[in-house]
Amino acid sequence: MPFDIKRTLRPNILKLEPYRCARDDYKEGILLDANENTYGVSVEQLSAHEHGLELNRYPDPHQIDLKKQILAFRNKNFNRFVKKETPLLEADNLCLGVGSDESIDLLLRCVCTPGKDKLLICPPTYGMYSVCATVNDVELVKVPLTVPDFQTDNEKIVSTIESDSNIKLVYLTSPGNPTGKLIEPKRIIDLLEKLDNWNGFLVVDEAYIDFTQLDPETSTSQSMSTLVNQYPNLVVMQTLSKSFGLAGIRLGVTYCSKELSYYLNSMKYPYNISSLTSDIATRATSAAGLKIMKDTAKLIISQREYLLEQLQKLPGIGRNLGGLDSNFLLLEVLDKSGAPSNDVAKKLYQRLAQTHQVVVRFRGTELNCTGALRVTVGTPAENETLLKKFSSCFEEIYNL
């Protein structure tokens, strides 16, 4: 039976009436409809620009102008698997959230009935999927990524879904966290086509997509976002936290079919995106902002290659376990015999932070990541310091 969103969403969500206010109909004049403080903000010395944001007023609940600006960028960078007849993305394809974490939780509440439905994940993967599933009383089903290439095991995913009708969502990270590896778009397309009769959603979390090189065959984007009008059970999540350097404003973007977007926008809190967040995001996705983002991403990619080359010269560093598709590396730490070691990796992690004030992330307990440290690519100066501190710490640990 073909995919049917009405058989996929929770019955109570299908009946949901979105919140409406007078501002949906009238935005100009003497505004006395929302019980706002008409005397203004209780902050001294606001700039003229900040005054212009009217922070005493509730923000725009729909953010259409910001959505259109985001789409102008993504629609120019289509995926090569987009068919000619597939419509371009429009504002009705988007739902904005407080970071991707709000979208992760929102989809679970939209689709999964607590205590009944299930979420399939492919470890090693982002930890918030498990947290949100637990909070929403949604059971986790795990199909590990293949080793050593960290790709989806499509046959196992399909057979697992076919054997359990309560699986309603699949969450993938591409590029992966902590793997740093892009899941090949053709593998995701293959999975979507094999699941075309499944009443569930395949969700691709693309937080790091702008650090991925263009498709080597066509020089087009590797993002799956422009495919959501082609595949109704595809959902793509992105964020301004990584490549745009805006983790502090908390803005996530969900791309999906217009039908699903309607329900997600009906569920979200009406004023979840603040005027300050919207203002910064609009500036960041302007032509000038996009140039800065792209230039910065190129620098990070260059430093990523340099950092990996230099770190692997150290006797205590083994393989690059993950890929080169994000702004971090997943490195294998070795003991004196040359074997991957969680013990040495944890000592290195602790000594770096406590003695040398350099903080990385221990990931050795993740599936198929024994001895792993996740290292974010820093500035050139930070990377040089990191290299010196790594070398010093290995000498200290090996001589203990």
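Me: Into which domains is the protein divided?
Reply: This is a predicted model, where local features need pLDDT of at least 70, side-chain atom pairs count only at pLDDT 80 or more, and totals for chains, interfaces and linings use all residues. Residues are numbered from 1 along each chain as its sequence is written, and side-chain values use heavy atoms, with hydrogens and water left out. Domain bounds come from an automatic or database domain assignment. That gives domain 1 (5-285) and domain 2 (294-399).

Me: How much area is buried between domain 1 and domain 2?
Reply: An interface's size is often given as the accessible area lost when the parts come together. Here, buried area is the accessible area (1.4 Å probe) that two parts lose on being put together, summed over both. Carbon and sulfur atoms give 61% of it, and the total between domain 1 and domain 2 is about 1700 Å².

Me: Which three residues supply 35% of the area that domain 1 buries against domain 2?
Reply: No other three residues of domain 1 supply more of that area. The trio is Pro178, Gly180 and Phe211.

Me: How many salt bridges are there between domain 1 and domain 2?
Reply: Side chains of opposite charge can pair when their charged atoms come close. A salt bridge here is a side-chain nitrogen of Lys or Arg within 4 Å of a carboxyl oxygen of Asp or Glu. A search of the whole structure finds 21 of them, but between domain 1 and domain 2 the count is zero.

Me: How many residues apart in sequence are the parts that Arg80 and Asp215 tie together?
Reply: Arg80 and Asp215 form a salt bridge, with their closest N and O atoms 2.5 Å apart. Arg80 sits in the loop between α3 (64-75) and β1 (94-97), and Asp215 in the loop between β5 (201-205) and β6 (234-239). Helices (H or I, at least four residues) and strands (E, at least two) are DSSP runs, numbered from the N terminus. So the pair ties together parts whose separation in sequence is 135 residues.

Me: Is Asp215 buried or exposed?
Reply: Buried means under 20% relative accessible area, exposed over 50%, and partly exposed in between (1.4 Å probe, protein chains only). Asp215 has a relative accessible area of 5%, so Asp215 is buried.

Me: Which helix holds both Lys194 and Asp190?
Reply: Lys194 and Asp190 form a salt bridge, the closest N and O atoms being 3.1 Å apart. They are four residues apart, so about one helical turn separates them in helix α7 (residues 185-194).
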